Amino acid sequence: MSKNIDRRTFLAGTTAGSLVLLTLGGCKPGDDKKAANTAVQTAVAAESGSVQPHPVYGMVFDQNKCIGCGECKDACNEANNLPPGISRLLLERQTTHIPGTTCPICGGPGDCDCERVYVRVSCQQCQDAPCVRVCPTGAAHRDPKTNIVTLDPDRCVGCKYCIAACPYNVRFINSQTKVADNCNFCLDTRLSKGLEPACVNACRHGALYFGDLNDPQSIISRLLRVKDTVRIRAHLGTDPNLRYVPVTKQGV
């Protein structure tokens, strides 16, 4: 993805100053708790031998903890050897301030820099991925061992069908390899070696969680059972595995 996020806005149609909770809308808070409970039921069934267990990796981004330092992006770029100027993930800066109202912090007209929050912009790792469906060569595919959406560079012809089909505008052509690219949770560079994704490892503020949604004991499954999360454009039926804990404010 280009660092100039204005060229291809992550959430097309979102006006400046929109409330973050509304921006991240697409499913009701609590829907992901149902998903977590379903994962628990699947795991129980697997233990009984009625179904075969399989991993479904997901990630949770907590807006309340992210400070926008960008260390996650830097770690991703280094781990995946990405050329300058592109990245598999970006942090889009937003604000919770309502336009036309006074800033509650400094008392100014609202054009200040007092309040800011960040949204992780990256592949949503959809379980029903449009990029996989449209790829004519099978280059964009789901890894059979991990179920992670990834890409086979040897089969990619650079047609950009996957880029056009992605409703999140997060796929891109790698200027170095000349093929399509996306965040695949560091599948080849770290996960295959038993390591967590570089961004998760680099985050010092606990804003990122990663794990198997089908494992009821994984940190991400336990988190989803107690936290209200949302998914971007869940109404499209893509079933994204990237969840967001929206920013919350405590009253005095």
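These legends accompany close-up views of a predicted model. Local features need pLDDT of at least 70 and side-chain atom pairs pLDDT 80 or more, while totals for chains, interfaces and linings use all residues. Residues are numbered from 1 along each chain as its sequence is written, and side-chain values use heavy atoms, leaving out hydrogens and water.

**View 1. An open sheet of three strands.** The strands (DSSP runs of E, at least two residues, numbered from the N terminus) line up as E8-E1-E9 with mixed pairing; two strands pair if DSSP finds at least two bridges between them. Strands E8 (208–212) and E9 (242–245) are the edges, each with a single partner strand, so one side of each has no neighbour in the sheet.

**View 2. Strand E1 beside E8.** Here E1 (residues 57–62) runs antiparallel to E8, joined by five bridges. Look for Gly-58, whose bridge partner in E8 is Gly-211.

**View 3. The salt bridge of Arg-88 and Asp-181.** Their side chains meet at 3.0 Å, N to O; a salt bridge here is a side-chain nitrogen of Lys or Arg within 4 Å of a carboxyl oxygen of Asp or Glu. The two residues are 93 apart in the chain, with Asp-181 in strand E7 (residues 180–181). Both Arg-88 and Asp-181 are buried (under 20% relative accessible area, with exposed over 50% and partly exposed in between; 1.4 Å probe, protein chains only).

**View 4. Asp-239 meets Arg-231.** This salt bridge spans 2.6 Å from N to O. Asp-239 is partly exposed at 30% relative accessible area, whereas Arg-231 is buried at 11%.

Methods
Helix = DSSP H or I, 4+ residues; strand = E, 2+ residues; numbered from the N terminus.
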